[in-house]
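Dear colleague,

Please find below the sequence and structure that I am handing over to you.

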Amino acid sequence: MTPIAWLVFGAFLAWVVADGVRRTFGAQSLEDYYAGGRKIPWWAAGLSVMATQASAITVIGTTGQGHDGGMEFVQAYLGLPFAMVAVSVILIPLYRRLPILTAYQYLEGRFDKPTRLTASFLFLVSRCLALGIVIQAPSYVLATVLEQDVVTMIIIVGLLTTAYTTLGGVSAVVWTDVKQMIAIVGGLLFCLGWLCWEVFGQVGFGGALRAAGAASKLGVLEATPAHTDLLPNIAGTQAPPSFWNERYNLFSGLIGGFFLHFAYFGADQSQVQRVLTSATANESRKALMISAVAKVPMQLMVLGIGVLLFLFHSISPDRAPAVFNPQAMGSLERQAESESGLREVLELHDRIEQERARELRNLAAHDGPAIDAPALSAYREAVRDVDSLRKILLAGADPEGSKAVFDWTGVLKAFETGDERRIAEFASQGGGDRNYVFPSFVLSQLPGWLVGLILAAIFAAAMSSVDSVLNSLSAATVVDFFPVVFRRERTERQKLKIGRTCTFLWGILGTATGIFALSDSSIIEQINKIGSFFYGSLLGIFLLGAFAPWARGICGVFGIVGGLACVFATYLFLDVAYLWFNVIGAVGVFLFAWLAARCGVGRKIA
Amino acid sequence: MEESRDHSSTEPDLSARTYLLVLGLAVVLYLLMGWFTAVFQVRENG
């Protein structure tokens, strides 16, 4: 990074952190600390709702996803607008009827204390697991920029965020979110414009669409499922994929995505807390409508940037590294000095990249109604080969010098003979580096001052997502659990002190989780997967409260545990895409609560 | 628990028209996305 980039980076970061710390003096009670005194304007709460979800992960993970897998991931969000309306109509009235600080307080009045505590505990577990992954995202960027160890970066990000969240409370969270949201959208729009200028300038708008579509990157809405077998496969079997295996299509996105987002925005304290900071129920609803309208277009933009990056790298291979992880790339360059096989593989990679660029330009220049089949086939083969070689190079990269020498000769032979099976075997040994695609682009292509601003925006975005989760974890612990364990009455000042201590402890725990959950696979998918294990049951219990007058008392606990059991049984025994876990969990809650009610459990104990 | 002091219980809900507008926009966007995919996406076996 240039000195000007460092200056912009440092100034932006200092401004955000200082503003967070400044809010320390505004909090005089738990209601101020966890609900901002119910004085946050709806538009700020709405931007905070978006920012909490659209964090550094959105920028790093989703652009990488667009680059590698295309735009199909947007389908996971198809149910979101419907979920927002459902939260506004069904859950907001329940939450805003009472002066609650956590969503789970509602459950005590509707069912009983064990149900409230079980739901709150479920939230604590799921969010604590996800928190570690959220802290990892900016750490990847910083590790890339500063050429440092990811673990060191996780510790710095985790501790810095913990410090100002502990002091500032939810007001600091919301107002830093507003700043980061503006910075992130601004930064992304600039990148979008820059990439459009570069790509469309070389192959035209129509040519870019043809090339991206031919590489299967433009499946924004797959209305026809690729697999129509409606019987789910047993886990671990080698049967052909069924309808339920498809991660993203219209059905999983609309139905599974609806339940995922209904649960996330309606039953996850990290989002409900934002809703509780507004003055009235309608202000809360307006805050949610911002996401309902803007989220899907924003995801399209972020994934679109990923696809444009793919095109940019394909058109200008000399401006893209063979692998995007700089540590792996550095290691490969060092290894190539002594391993002649690797040198030949790198040369092969360059040749195939040039071929991909040539085929892409041919395809883009094509003006007829139907694309020539051999040209299409040659292009797709080159796209596949570059992708496989990237994975193979990652598998062979050895930054620590601890691996056995990779079979580069075998790789060359597999490509010479066109042995697809062998190529796939080599490729499967490598991890991904898609989370490095966007940072690598920012650092190598953009002007210095903008590099500083975008990296600062990513960093601030990550911190604002982490602080939202920290603040809500603290709220659930202090409001839901603390009075159960420590029954002595306390003053507001004492409660505030306990709240801050708890936020601090969660920050430490989250940082530790981040270190132990390190992985190279797509961050955003991991978060949604972790959420999907628990969200269905969480949502189910709130829906049970709203729609099932027959379910009372301890029936709630039976429902939650039953819903969880259904999800885990599905995970263990059936091969089903994770979005469906949300539906299964919610239905499981109703089923088990109904069974408990039929047995008279709720009546006897309640 | 005491009633909220935020008057939410007496405040009229956001109108159904607002929700319909939001959902209508979503449906139009999805139709466009479906059309876009049908025109430009080449499937793995396509």
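**Findings**

Chain B has one helix and zero strands as its secondary structure; here helices (H or I, at least four residues) and strands (E, at least two) are DSSP runs, numbered from the N terminus. Of its 46 residues, 17% count as buried. A residue is called buried if 20 or more other C-beta atoms lie within 10 Å of its own, exposed if 12 or fewer, and partly exposed in between, with C-beta atoms placed from the backbone.

Please note that this is a predicted model, in which local features need pLDDT of at least 70 and side-chain atom pairs count only at pLDDT 80 or more, while totals for chains, interfaces and linings use all residues. Residues are numbered from 1 along each chain as its sequence is written, chains are lettered from A, and ligands are numbered from 1, in the order in which they are written.

Helix α18 of chain A covers residues 448-485. Its 38 residues reach 53 Å from the first C-alpha to the last, close to the 56 Å expected at 1.5 Å a residue; the expected span is 1.5 Å times one less than the number of residues. A kink of about 30 degrees is centred on A:V478, where the bend is the angle between axes fitted to the seven residues ending at a residue and the seven starting there. Most of α18(A) is covered, with 30 of its 38 residues buried.

Helix α9 of chain A (residues 250-267) has 18 residues, which should span 26 Å at 1.5 Å a residue, and the 24 Å between its end C-alpha atoms agrees with this. At A:G257, α9(A) bends by about 30 degrees. This helix is also mostly covered, since 15 of its 18 residues are buried.

A:H261 belongs to α9 of chain A. It counts as buried because it has 31 C-beta neighbours inside 10 Å. Leaving aside neighbours within four places in sequence, A:H261 is in contact with A:G79, A:L80 and A:A83; two residues are in contact if their C-beta atoms, placed from the backbone, lie within 7 Å. A:H261 and A:L300 are 39 residues apart in sequence, and their C-alpha atoms are 17 Å apart in space.

**Helix packing in chain A**

Helix α3 (residues 42-53) and helix α11 (residues 281-315) of chain A pack at an angle of about 45 degrees, their axes being 8 Å apart. Axes are lines fitted to C-alpha atoms, for helices over the stretch in contact, and angles run from 0 to 180 degrees between N-to-C directions. This angle makes α3(A) oblique to α11(A); angles under 35 degrees count as roughly parallel, over 145 as roughly antiparallel, 65 to 115 as roughly perpendicular and the rest as oblique. Residues that make the contact include A:W42 and A:M50 of α3(A) and A:E283 and A:K295 of α11(A).

The axes of α8(A) and helix α19 (residues 492-516) of chain A come within 9 Å and cross at roughly 165 degrees. The two helices are therefore roughly antiparallel to each other. Among the residues that meet are A:V151 and A:T166 in α8(A) and A:R500 and A:I515 in α19(A).

**Individual residues**

A:G213 lies in helix α8 (residues 150-214) of chain A. It is buried because 23 other C-beta atoms lie within 10 Å. Apart from neighbours within four places in sequence, A:G213 is in contact with A:L218 and, in chain B, with B:F40, B:Q41 and B:V42.

A:F558 is part of helix α21 (residues 555-573) of chain A. Its 24 C-beta neighbours inside 10 Å are why it counts as buried. Not counting residues up to four places away in sequence, A:F558 touches A:F592, A:A593, A:A596 and A:V601. The C-alpha atoms of A:F558 and A:A593 are separated by 5.7 Å, although the residues are 35 apart along the chain.

Most residues other than glycine have a negative phi. A:R38, which is not a glycine, has a positive phi of about 55 degrees. It is placed in the loop between α2 (30-35) and α3 of chain A, and with 18 other C-beta atoms within 10 Å it is partly exposed. A:S216 also has a positive phi, near 60 degrees, and lies in the loop between α8 and β1 (233-234) of chain A.

Yours sincerely
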